[in-house]
Amino acid sequence: MMSYKPNVPNEICPGKEGYSWQTDRRVNSWLFLAVLISAASGFFFPGQVRELPVAWRTMIALSPFLILPLWAGSVVRWVRGMDELHRRITTAAVLFAVSACFFFVLLWHRLEVAGFFEALVPGRNGWDIGTIGHISLLFVLFYGLGYSIFNRRYQ
C-alpha cells in the first residue's frame, strides 16, 4: 500500500514548522542557479564579462531567463502535489506576488527615469533592480505577504 503525503507550503518556507531543506532544494534549485548566474555576471565579475565576445555575453545575459521557465515548471509540479485548499491559497499568493513584482518594477523604473532617486541621493547613479536576485527577493517578499493575506481567510 502506497502512502501519499500532499505537499504543504511550509515545506519551502525557512523558519516555519515542517520546513524541508530537501524539498526547498528540489523546488528552487533552478531559481538558485539563475540568481547565481545573474549575480556573478552583474555584480561580482562585470569587468570580466564585458571583455568576453558578444556571443558569450549574450548567452550569459539570456541564460537566467532561459532557466526561469525550468524553475516555474518545478514550482508548478510542487503546487500540483498539494491538496485543494493549499493549492488555491498558493496559486492566489503566487498571482499576487507576480502582479506586485510587475507593478513594483515598473514603478521603480519610472521613478528612476524621472530622477527621483538622483534627487534623494545626489551623485548616485544606477538604482537599477534589474537582476534576477532582486526580483526573486521581491517575489519572496510579496509571496509571503500574499500567502498571509489569503491564508487568513481560512483560519
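Reader: Which residue with a positive phi follows H4?
Author: This is a predicted model with residues numbered from 1 along each chain as its sequence is written; local features need pLDDT of at least 70, side-chain atom pairs count only at pLDDT 80 or more, and totals for chains, interfaces and linings use all residues. Side-chain values use heavy atoms, with hydrogens and water left out. Helices (DSSP runs of H or I, at least four residues) and strands (runs of E, at least two) are numbered from the N terminus. With a phi near 85 degrees, the residue that follows H4 is Gly-115.

Reader: What span does H4 reach from its first C-alpha to its last?
Author: H4 has 31 residues. The expected span of a helix is 1.5 Å times one less than its number of residues. For H4 the expected span is 45 Å, and the span in the model is close to it, at 45 Å.

Reader: Which elements do the buried residues of H4 pack against?
Author: Buried means under 20% relative accessible area, exposed means over 50%, and partly exposed is in between (1.4 Å probe, protein chains only). By that rule the buried residues of H4 are Ile-89, Thr-90, Ala-93, Ala-97, Ala-100 and Cys-101. The elements against which these buried residues pack are H3 and H6.

Reader: How many helices and strands are there in the protein chain?
Author: From the N terminus on, the elements run α-α-α-α-α-α. The C-alpha atoms fill a box of roughly 60 × 35 × 25 Å along the principal axes. The count for the chain is six helices and zero strands.

Reader: Which residues is Phe-142 in contact with, leaving aside its neighbours within four places in sequence?
Author: Contact means heavy atoms within 4.5 Å. Phe-142 is one of the core residues that touch the most other members. Beyond its sequence neighbours, Phe-142 is in contact with Phe-96, Ala-97, Ala-100, Cys-101 and Phe-104.

Reader: Is Val-105 buried or partly exposed?
Author: Val-105 lies in helix H4 and touches Ile-129, Ile-135 and Leu-138, sequence neighbours up to four places away not counted. Val-105 and Ile-135 are 30 residues apart in sequence and 8.2 Å apart in space, C-alpha to C-alpha. Because its relative accessibility is 27%, Val-105 counts as partly exposed.

Reader: What distance separates the C-alpha atoms of Ser-136 and Cys-101?
Author: Ser-136 is placed in helix H6 and counts as buried, at 13% relative accessibility. Cys-101 is 35 residues away along the chain, and the two C-alpha atoms are separated by 9.0 Å.

Reader: Which residues does Ser-74 touch, not counting those up to four places away in sequence?
Author: Ser-74 has its place in helix H3. It counts as buried because its relative accessibility is 6%. The residues that Ser-74 touches are Arg-26 and Val-27.

Reader: Which side chains meet in a salt bridge?
Author: A salt bridge is a side-chain nitrogen of Lys or Arg within 4 Å of a carboxyl oxygen of Asp or Glu. A search of the whole structure finds one. With 2.9 Å from N to O, the pair is Glu-11 and Lys-5.

Reader: Which helix gives the most to the nonpolar patch?
Author: Patches are made of residues with over 30% relative accessible area and no salt bridge; like charges are joined within 9 Å, and nonpolar side chains (Val, Leu, Ile, Met, Phe, Trp, Tyr) within 5 Å. Accessible areas come from the Shrake-Rupley method with a 1.4 Å probe, and for residues only the protein chains shown count as cover. Trp-30, Phe-32, Leu-33, Leu-36 and Leu-70 make a nonpolar surface patch of about 470 Å². Trp-30 counts as partly exposed at 33% relative accessibility, and the helix giving the most to the patch, with four residues, is H1.

Technical notes
Core = buried A, V, L, I, M, F, W, Y, C linked by side-chain atoms within 4.5 Å.
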